[in-house]
Amino acid sequence: MKPGKELLFLALGGSAEIGMNVNLYGCDGKWLMVDLGMTFGANEYPGTELVFADLDFIEERKADLIGIVLTHAHEDHIGAAPYFAEELGVPLYATPFTAKLVNEKLEEAGAHVELNVIDHLDRFELGPFGIRYVPLAHSIAEGNALVIDTPYGNIFHTGDWKLDDAPLVGTPATQAELTAIGDDGVLAMVCDSTNVFNPNASGSEGEVRTALIDEVKRHTGRRVVVTTFASNVARLQTLGEVALASHRKLCVAGRSLDRIIRVAKTCGYLSDMPQIIDFETAMSLPRGEVLVLATGGQGEPRAALGRISEGNHQIALEAGDVVLFSSRQIPGNEVAIGRIQNRLAERDITIVTDRQAEIHVSGHPGRPELEALYSWIRPEILVPVHGEVRHMKEQARLGKACGIPKSVFQQNGDLVRLAPGKPGKISEVRAGRLILDGDIISAANGEAIVMRRRLAQNGVVIVVIDGKGRVQVEGLGLPLDEDYADFTAEAREDVAAAVAKLKGGQRHDRDVISEAARLAARRAAKRWSGKQPQVKVILPEG
Ligand SMILES: [Zn+2]
Ligand SMILES: [Zn+2]
């Protein structure tokens, strides 16, 4: 499928799910990729953490791919670049902060990719596409929308965004600038759906600063730890100001915080961050004179907060000290976060979350912000992305209610024609998920994962039949404890009997022997435990 005289849109990831954003635009024979993200698997695929979009469609057409434009540096937009960008063999484009973080990841992975830093807001051209970055506020430095102009109309690709009157870091496009983009005419707006069910605007970083100062000041004489996403540079800026306003010295615990602060400073951010003290100095100061920034607010057990909660970190807390969660609970992480909060509570450490105080705001637009942006951009077509089905359907409804003439509901793999003619899905292409399993990237629901799930559910029984017909049986993961020896004895007899019952040619047919042994062992396990384990039969060579 080569794009003809038309404008196409295709999500390979990030539509009908939140995470691993990979979007393609097709026009006049060429494809342009916007973002190359990944997802954290949240135990969906046992033994793995990273999930990627299946890029088979574009890998087969990489001769027609002309570049990958990255909107911002969140993992769900850049995380797959170290694994796939070299193979795709086209240049990456990113603004300076994003580019620095991507570059570190590429270097760590040993991937050789041309990375172009776009440090201006002027239009640049890639084949039939004209592209311009449009800064928007988000929960990371350098959130960007894109204006992509084509012979068939302009796209406004929002990326992840919010409206913020006091963003603290960066200079988002103004209402007037966004209205001017609308004045030029926008065929399609491809828009973030994450918070479409939020009836309120996301709120401003400036409000968070006020609330955090109030909250920290309330805990005089106590050691205060604040956890937040390392990549939220505006929040780090805020916390630097909170430390100054509450007359506390700032200490930073966690490698990802060290890294982001270093990269942010080289890009000109956080220049007025107070000096950071080390753990020893922090512990030697009176409790009420320290503010500790810590990673691990999503419950990661090995991150700083996890270790602090176990009393296993140089930063030690005691009863009455305070931990502020200046972050949202990412769905899927509730249990892990709860575990850390329970450990802190057990030690009578005070926990404050964004439910008790306004110490966090989201980086995604609520309904009032979506409505405002629609009214400025005035697209002809709305294409919701960056959401599960319910979020994207709801955004399509909201767009319609706000007078956007057309919307296109699409999911990963739906090839959509935006122009010419009536916009809509024209076909389906291969899309799916890959996982990083050990060092191997493979299909997310491939044989290994399917089997691993079964093993985890039911355990395994191994049957060995030697050259003299003697049988051994061992089980792993069966709930048999003291009955285990009796079970294996009975299973051995059952297997031997089942094999002995075979007649004529069956006695020499390895498949028949193996299947008879497998069924006999499985029945024995069912009888003894109620479980139906996987059974592996090993026969003598030959
Ligand atoms: Zn983001
Ligand atoms: Zn995102």
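A crossing is left-handed if the near helix is turned anticlockwise from the far one by less than a right angle, and right-handed if clockwise. This is a predicted model: local features need pLDDT of at least 70, side-chain atom pairs count only at pLDDT 80 or more, and totals for chains, interfaces and linings use all residues. Residues are numbered from 1 along each chain as its sequence is written, while chains are lettered from A and ligands numbered from 1 in the order in which they are written.

Take the whole chain before the details. Its secondary structure comes to 16 helices and 28 strands. Helices (H or I, at least four residues) and strands (E, at least two) are DSSP runs, numbered from the N terminus. The C-alpha trace spans about 85 × 70 × 45 Å along its principal axes. Of the 542 residues, 47% are buried (20 or more other C-beta atoms within 10 Å of the residue's own, with C-beta atoms placed from the backbone). Among contacts with a separation of 6 or more, 71% join residues 24 or more positions apart. Two residues are in contact if their C-beta atoms, placed from the backbone, lie within 7 Å.

Now the helix pairs. H6 (residues 205–218) and H7 (residues 233–245) have axes that come within 9 Å and cross at roughly 35 degrees. Axes are lines fitted to C-alpha atoms, for helices over the stretch in contact, and angles run from 0 to 180 degrees between N-to-C directions. H6 passes H7 in a right-handed crossing. H6 brings Glu205, Val208, Arg209, Leu212, Ile213 and Val216 to the contact, and H7 brings Ala234, Thr238, Glu241, Val242 and Ala245. By class, that is 7 nonpolar, 1 polar and 3 charged residues. Here Ala, Val, Leu, Ile, Met, Phe, Trp, Tyr, Cys and Pro count as nonpolar, Asp, Glu, Lys and Arg as charged, and the others, Gly among them, as polar.

H15 (residues 484–500) and H16 (residues 510–529) come within 8 Å, axis to axis, and cross at roughly 150 degrees. This crossing is right-handed. Residues in the contact include Phe487 and Val495 of H15 and Ile513 and Trp528 of H16. The contact has 13 nonpolar, no polar and 3 charged residues.

The axes of H4 and H8 (residues 255–266) come within 9 Å and cross at roughly 135 degrees. That makes H4 oblique to H8 (under 35 degrees is roughly parallel, over 145 roughly antiparallel, 65 to 115 roughly perpendicular, and the rest oblique). Phe97, Lys100 and Leu101 of H4 meet Val263, Ala264 and Thr266 of H8. H4 (residues 96–109) also lies across S7 (92–94) and S8, running at about 160 degrees to S8.

S8 belongs to an open sheet of 8 strands, in the order S8-S7-S6-S3-S2-S1-S22-S23, with mixed pairing. Two strands pair if DSSP finds at least two bridges between them. S8 (115–117) and S23 (424–428) are the edge strands, each pairing on one side only. The twist averages 25 degrees from one strand to the next. Within this sheet, S1 (residues 7–13) and S2 (residues 22–27) run antiparallel, joined by 6 bridges. Alanine 11 has asparagine 23 in S2 as its bridge partner.

Last, look at S5 (residues 50–53). S5 pairs with S4 (residues 38–40) in the antiparallel sense over 3 bridges. Its leucine 50 is the bridge partner of phenylalanine 40. S5 also runs antiparallel to S24 (residues 433–437), joined by 4 bridges. There, alanine 53 stands opposite arginine 433.

Methods
A residue is buried if 20 or more other C-beta atoms lie within 10 Å of its own, exposed if 12 or fewer, and partly exposed in between; C-beta atoms are placed from the backbone.
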